[in-house]
Structure formats: structure tokens, C-alpha cells
Amino acid sequence: SNPLALYLGSLDKFAHLPADTLVLPSHGRPFRGLHTRIAQLRTHHAARLAEVVEACRSPQSAADIVPVMFRRKLDAHQLSFAIGEALAHLHKLWYEGVLRRETGTDGIIRFQLT
């Protein structure tokens with residue numbers, strides 16, 4: 001699947017709303033400034049994608065990408081979410097043809113620049 005592309009594409013559905021729309025996020029405080037926040041989210045993911053591309057100059061598994069994207073120590077619960085986030089970024093780049101994906105003799109899928 002390509003959840004990051006779906007997520008980023010879904011942000012376009014909010015473009016028609018007024019800038020002062022009250023946003024009620026699933027975590028964090030309610031706020032106004034929808035378009036600013038959407039721009040921040042796009043910038044954040046673009047930076048993460050660029051980091052992943054740079055790391056994939058050599059073959060990288062999703063587990064290898066986690067410390068590239070998350071520079072702090074993660075507990076087991078956070079690590080499970082971080083793996084999902086790493087896979088989402090890797091798969092977006094794979095679907096776009098930026099990365100190729102190969103399964104090694106050890107059974108681990110690794111991604112590398114095409």
C-alpha cells in the first residue's frame with residue numbers, strides 16, 4: 001500500500017476551507033490556521049522523504065530507516081509506530097520509482113536508490 005501518498009493527497013480536500021476554520025485534532029489542542037498547518041505537514045514529510053532518499057544510497061531495511069527518521073530513543077510501543085512510518089515513507093518512494101526493493105537471502109526487504 002501507499003499510505004503516505006494517500007494521506008498527503010487527502011490534505012487537498014481541506015484547501016477550500018477558510019483559513020480560520022477551527023481544527024479539532026485527534027491529539028493536541030484545537031487551533032485555527034488550517035492552511036499553515038497543512039503547509040507544515042507537507043514540509044515535514046518532504047524533509048523526511050529527503051532523509052530517506054539520502055540513506056538509501058546503500059540498501060536499507062525499514063528498521064535501518066527508523067533511526068534516520070527518529071533520532072531519539074524509542075520504547076517498544078513507539079518503535080512499532082516508527083516502523084510503520086518508515087515503511088510508509090519507503091513505499092511512497094518505491095511507488096514513485098525513486099527506490100527499488102529487493103529481498104535479500106536473509107529474507108529482509110531492503111530499499112535502495114534506483
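The legends below accompany close-up views of a predicted model. Residues are numbered from 1 along each chain as its sequence is written, and side-chain values rest on heavy atoms, with hydrogens and water left out. Because the model is predicted, local features need a pLDDT of at least 70 and side-chain atom pairs count only at pLDDT 80 or more, whereas totals for chains, interfaces and linings use all residues.

**View 1. Trp94 and Tyr95 form an aromatic pair.** The rings of Phe, Tyr and Trp (for Trp, the six-membered ring) are paired if their centres lie within 6.5 Å, and the planes count as stacked when under 30 degrees apart, as edge-to-face when over 60, and as tilted for the rest. By this rule the count comes to one aromatic pair. The pair of Trp94 and Tyr95 is edge-to-face, with 5.1 Å from centre to centre and 65° between the planes. Trp94 has 28% relative accessibility and so counts as partly exposed, and Tyr95, at 47%, is likewise partly exposed; here buried means under 20% relative accessible area, exposed over 50%, and partly exposed in between, with a 1.4 Å probe and protein chains only. The charged end of Arg101 sits over the ring of Trp94, 3.7 Å from its centre, where such a placement requires NZ of Lys or CZ of Arg within 6 Å of the ring centre and within 35 degrees of the ring normal.

**View 2. His91 lies in helix α4, which spans residues 76-95.** Helices (H or I, at least four residues) and strands (E, at least two) are DSSP runs, numbered from the N terminus. His91 counts as buried because its relative accessibility is 16%. The side chain of His91 reaches the backbone oxygen of Ser1 at 3.3 Å, a polar contact being a pair of N or O atoms within 3.5 Å; within protein, one must be able to donate a hydrogen and the other to accept it, and residues adjacent in sequence count only if both atoms are side-chain atoms. Leaving aside neighbours within four places in sequence, His91 is in contact (heavy atoms within 4.5 Å) with Ser1, Asn2, Arg101 and Phe111.

**View 3. Ser61 is found in the loop between α2 (34-55) and α3 (62-69).** With a relative accessible area of 10%, Ser61 is buried. Residues up to four places away in sequence not being counted, Ser61 touches Leu90, Ile108, Ile109 and Arg110.

**View 4. Strands β3 (residues 99-103) and β4 (residues 109-113) run antiparallel and are joined by five bridges.** Two strands pair if DSSP finds at least two bridges between them. Thr103 has Ile109 in β4 as its bridge partner. The two strands β3 and β4 form a hairpin with five residues between them, and Gly107 in the turn has a positive phi of about 85°.

**View 5. Arg110 forms a salt bridge with Asp106.** A salt bridge is a side-chain nitrogen of Lys or Arg within 4 Å of a carboxyl oxygen of Asp or Glu, and by this rule the count comes to seven. In the bridge of Arg110 and Asp106 the closest N and O atoms are 2.8 Å apart; Arg110 is partly exposed at 26%, as is Asp106 at 45%. Salt bridges that share partners also join Arg48, Glu51 and Arg71 into one network. Within helix α2, Glu51 and Arg48 lie three residues apart, about one turn of the helix, and their closest N and O atoms are 2.9 Å apart.
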